[in-house]
Amino acid sequence: MDPITFSIIRHRLFRVVEEAVMTLKHVSGSAITNEGHDLMVSLYRADGSLLMGGVGFLHHLTSAAEACKAIIRRFDGQIHEGDLFLLNDPYTAALHTSDIYLIAPIHYEGRLVAWSACFVHVFDIGAMNPGGFAPDAVDIFTEGFSSPGLKLIDRGEMRQDVWDTILNMVRGPEMVALDLRSMIACNNVAGERLIALFEKYGAETVDHACRMLIEQSEQRLRERLRELPDGQWQSRQYLEVKGETYRVVLTMRKQGDELVFDFTGSSPQSKYSVNCSKWASLGGLFAPLFPLLCYDITWNEGVIRPVRMIAPEGSIVNCARPAPVSVATVGAIQSVNNAACATIGKMLAASERYAEESTAVWHANHFAIFMFGTNQRGGLSIGILTETFAGAGGARHVGDGVDIGGEIPNPISRMANVETIEATFPVRYLFRRRLKDSGGPGRHRGGTGGEMMIVAHDAPDGGIDYVVSGKGTKFPQSDGLAGGYPGALNDYVWIHADESDATAFAGSLADMKGRHEPISWGVYPLRGKDGLYVRWNGGGGLGDPLDRPAEQVVNDVTAGAISTRAAEEVYGVAFKDGVLDATLTETRRRDLKARRLQEVA
Amino acid sequence: MARRRFSDTLVLADGKICCGACERPLAAADRSWKEQAALTVVPVASLPGAGLGTDSRIVLRRFACSGCGSLLETEVALPEDPFLEDRIVVAG
């Protein structure tokens with residue numbers, strides 16, 4: 001095939017995915033989709049293998065491939081033009097029940113030639129707690145509607161009985177219907193555009209280009225792996241739920257042109273819903289692998305072939321049915337993301353050629369708070385506080401992490417503006433801003449996370465309730481690299497305030513009068529004059545903080561990114577009358593280095 | 001002396017893992033360099049920016065060069081957990 005035709009087809013495939021993503025966003029009415037970009041669209045070959053991974057949450061690319069394959073197995077001989085399938089069972093392929101896959105076969109001239117698949121986190125899935133993340137769940141049966149595969153549309157005709165059954169099991173069925181319709185529209189656009197591509201170039205040419213694309217990706221990743229040093233790198237993540245501590249332990253081994261992610265040593269599965277299934281772990285490790293190792297390689301089946309995963313059965317990263325998994329995406333999966341990011345970062349740092357691609361761990365803890373209740377218009381609102389997607393960049397070899405800089409597993413993650421959230425829920429923001437001292441110290445500082453506080457406002461029921469499935473309050477998870485410190489931790493504080501305590505315009509947590517109760521797991525009220533304070537983690541730092549240019553540390557203090565205490569104690573910078581003292585700084589840094597040798601543990 | 005990267009802060013030279021700043025040898029390439037580093041341990045709860053709920057047991061292990069004091073690596077750990085160990089395969 002001539003390289004120009006190949007290149008055009010490759011770009012067209014990418015544009016098909018892009019346009020389908022836009023469709024999904026424009027049709028959806030959920031802030032989690034069109035503001036937070038908790039979505040994914042990809043194209044798959046006729047056998048279900050990944051052809052063109054799209055943007056959005058990348059840990060879905062491989063899971064949706066498995067979902068396609070599960071549909072192919074289940075509906076063998078019953079897959080027709082115009083069909084549409086639904087799958088959301090975590091033990092078949094999905095990550096958790098509320099991330100529904102809608103999967104459409106794409107036929108050309110009567111023959112199955114490809115699949116499109118997409119997901120959104122639907123408004124509700126009928127789990128014990130509204131919104132899908134269910135800290136109260138004890139097993140998969142309490143996590144809402146779950147299907148290992150069903151046909152939703154048969155040859156272009158909606159199966160109304162199936163549609164009605166699904167909507168009968170969820171809260172806010174009109175919003176879930178809109179979520180599903182956005183995904184139907186997305187798949188329709190993907191299918192139409194792909195068929196147009198087949199019509200223009202012919203089935204044989206497009207098929208040839210697709211095969212070449214996968215072979216090219218495999219070849220290029222294997223070449224890259226051969227350029228990287230052979231070795232092994234380890235990382236470890238801690239999770240805590242209600243006093244119980246869990247570990248995700250990873251040894252990543254690279255030999256020749258193959259990479260093995262071995263999670264041996266990780267904790268047994270939890271009774272809480274932070275577990276994840278093996279497909280979720282596989283997706284979790286690929287989420288950082290795609291952007292960090294394959295930033296210039298098409299994300300498809302070719303990238304998957306050189307990679308193998310070992311995940312012990314019955315562990316927190318490969319739990320056995322019916323263990324609960326509804327919090328997986330911000331639980332064990334995110335820890336797998338972080339662990340893989342850490343080991344890949346270390347492997348890159350060991351390479352002369354690729355060191356500048358290395359990074360500390362980015363935003364490692366979603367705080368994932370779902371609000372639910374009667375809104376100011378008397379309707380039902382359920383939805384996430386999208387600041388959980390705001391993230392924080394990890395420090396990179398080439399510079400500081402970006403403040404509120406997103407996250408590695410989702411290149412297009414973002415948060416809604418305050419007004420959007422205040423229009424959706426009966427709440428008012430007292431503040432939302434960068435969080436001082438949240439970015440991990442280092443020669444290159446991790447990007448800051450943020451902090452915010454909300455109170456109930458104009459609420460017909462006197463307030464609203466919220467689900468917290470937070471981890472990351474006990475243990476930092478945004479690991480530093482090469483001497484960099486980790487990013488700071490999350491916090492969730494319920495401020496109990498009575499009328500006399502009411503603080504209409506508190507500018508900080510300390511300003512908010514009342515009893516402050518740290519919380520992290522369960523369902524809580526935001527009523528009366530009470531407040532909810534949330535802070536989210538920063539990115540990991542990179543390199544020795546004592547090597548950070550003193551002028552940059554001063555800039556950080558001036559900008560409010562770090563405190564004077566951090567500047568002095570961690571970065572070794574000295575001030576005199578509020579101004580940098582270069583001589584004293586040099587002395588202090590020398591003393592701090594010497595102290596490292598004297599205070600050996 | 002043949003020299004190549006082990007990490008951002010360490011190099012491999014003549015079959016040994018050395019500090020990248022002062023080139024002090026820390027360990028043979030197939031051994032744990034962390035055992036030979038200057039280790040200081042600080043509770044995460046005592047660091048600037050620590051959260052309200054930080055577990056009192058969790059520490060930041062800081063591995064510095066035992067010669068020049070340059071910080072080589074950190075790791076977050078509970079006291080009972082072993083050091084994270086990285087290895088580079090040296091040909092031949």
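What radius of gyration would a compact globule of 601 residues have, and what does chain A have? For 601 residues, a compact globule would come out near 25 Å, and chain A has 24 Å, so the value agrees with that expectation. Please keep in mind that this is a predicted model.

**Chain A as a whole**

Chain A is divided into domain 1 (3–219), domain 2 (359–543) and domain 3 (549–598). Between domain 2 of chain A and domain 3 of chain A, the C-alpha centres lie 29 Å apart. Eight residues from domain 2 of chain A and eight residues from domain 3 of chain A take part in the contact. On the side that belongs to domain 2 of chain A, you will find one nonpolar, two polar and five charged residues.

**Where the chains meet**

Now for the partner chain. In chain A, 53 residues are in contact with 39 residues of chain B. Several elements of chain A each supply at least two residues to its side: β8 (231–241), α9 (332–349), β17 (491–496), α12 (564–569) and α13 (582–598). The largest share, eight residues, comes from β8(A). By class, the side of chain A that touches chain B holds 22 nonpolar, 16 polar and 15 charged residues.

**A sheet that crosses the interface**

β8(A) also takes part in a sheet with chain B. This open sheet of five strands runs in the order β11(A)-β10(A)-β9(A)-β8(A)-β8(B), and its pairing is mixed. β11 (307–310) of chain A and β8 of chain B stand at the edges, each with a single partner strand, so one side of each is left without a neighbour in the sheet. α9(A) packs on the sheet, where it touches β8, β9 and β10 (258–262) of chain A, and its direction makes about 150 degrees with that of β8(A).

| Strand pair | Bridges | Sense |
|---|---|---|
| β8(A) and β9(A) (residues 244–255) | 11 bridges | antiparallel |
| β8(A) and β8(B) (residues 87–88) | two bridges | antiparallel |
| β5(B) and β6(B) (residues 59–64) | six bridges | antiparallel |

V241(A) stands opposite E244(A) in β9(A), while G231(A) stands opposite I88(B) in β8(B).

**Two helices side by side**

α9(A) has a helical neighbour too. Helix α7 (residues 278–293) of chain A packs with α9(A) at an angle of about 35 degrees, and their axes are 8 Å apart. The crossing of α7(A) and α9(A) is right-handed. Residues in the contact include A280(A), G284(A), L285(A) and L292(A) from α7(A), and I333(A), V336(A), A340(A) and I344(A) from α9(A). The contact of α7(A) with α9(A) has 13 nonpolar, three polar and no charged residues.

**A sheet within chain B**

Chain B also has an open sheet of three strands, in the order β5-β6-β7, with antiparallel pairing. Its edge strands are β5 (38–43) and β7 (71–77) of chain B, and each pairs on one side only. From one strand to the next, the twist averages 20 degrees.

How values were computed
Residues numbered from 1 in each chain as written. Chains lettered and ligands numbered in written order. Predicted model: local features only at pLDDT ≥ 70, side-chain atom pairs only at ≥ 80, totals over all residues. Domains from an automatic or database assignment. Contact = placed C-beta atoms within 7 Å. Nonpolar A, V, L, I, M, F, W, Y, C, P; charged D, E, K, R; others polar. Helix = DSSP H or I, 4+ residues; strand = E, 2+ residues; numbered from the N terminus. Pairing = 2+ DSSP bridges. Axes fitted to C-alpha atoms, helices over the stretch in contact; angles between N-to-C directions. Left-handed = near helix turned anticlockwise from the far one by under 90°. Rg over C-alpha atoms; globule rule 2.2 N^0.38 Å.
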